Amino acid sequence: MVSADPIRMFLYRWMIETGDPVEVVAKGFALGRDQVVDLLSGELRYLTYSEAARLCGRLQLEPGEVWPPKSGESY
């Protein structure tokens with residue numbers, strides 16, 4: 001499990017810079033609106049490694065840059 005905070009901060013920054021509402025962000029990154037709301041509200045606090053990798057793929061981020069792996073971990 002990894003913290004959802006880096007993804008939450010990415011989404012906040014995106015929305016601040018673009019002015020896009022949740023619905024536009026969700027559609028643009030091919031995410032569910034409820035998932036984006038849960039991330040932004042802090043309801044979703046942790047992600048499995050597979051969830052983290054999937055979200056990073058949708059957001060065009062590298063998981064290892066968002067959450068540097070600890071020894072023996074991979075995404």
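A salt bridge, as I use the term today, is a side-chain nitrogen of Lys or Arg within 4 Å of a carboxyl oxygen of Asp or Glu. Under that rule, Arg-33 and Asp-34 form a salt bridge through their side chains, at 3.8 Å from N to O.

Some conventions, before I go on. The model is predicted, so local features need pLDDT of at least 70 and side-chain atom pairs count only at pLDDT 80 or more, while totals for chains, interfaces and linings use all residues. Residues are numbered from 1 along each chain as its sequence is written, and side-chain values use heavy atoms, with hydrogens and water left out.

Let me stay with Arg-33. Its side chain also meets that of Glu-23 in a salt bridge, at 3.0 Å from N to O. This pair links distant parts of the chain, ten residues apart: Glu-23 belongs to helix α2 (residues 22-28) and Arg-33 to helix α3 (residues 33-41). Helices here are DSSP runs of H or I with at least four residues, numbered from the N terminus.

How exposed are these residues? Buried means under 20% relative accessible area, exposed over 50%, and partly exposed in between, with a 1.4 Å probe and protein chains only. Glu-23, at 43%, is partly exposed, and Arg-33, at 42%, is likewise partly exposed. Asp-34 has a relative accessible area of 54% and is therefore exposed. Through shared partners, the salt bridges join Glu-23, Arg-33 and Asp-34 into one network.

The count of salt bridges comes to three. One of them pairs Asp-5 with Arg-8, whose closest N and O atoms are 2.5 Å apart. Both residues lie in helix α1 (residues 5-18), three residues apart, or about one turn of the helix. Asp-5 is partly exposed because its relative accessibility is 39%, whereas Arg-8, at 7%, counts as buried.

Arg-8 brings me to the packing of helices. In α1, Ile-7, Arg-8, Leu-11, Tyr-12 and Met-15 are in contact (heavy atoms within 4.5 Å) with Val-36, Asp-38, Leu-39 and Leu-40 of α3. By class, this contact has seven nonpolar, no polar and two charged residues. Nonpolar covers Ala, Val, Leu, Ile, Met, Phe, Trp, Tyr, Cys and Pro; charged covers Asp, Glu, Lys and Arg; the others, Gly among them, are polar.

Finally, the geometry. The axes of α1 and α3, lines fitted to C-alpha atoms over the stretch in contact, come within 8 Å and cross at roughly 105°, on a scale from 0 to 180 degrees between N-to-C directions. The two helices are therefore roughly perpendicular (65 to 115 degrees).

Conventions:
Parallel < 35°, antiparallel > 145°, perpendicular 65-115°, else oblique.
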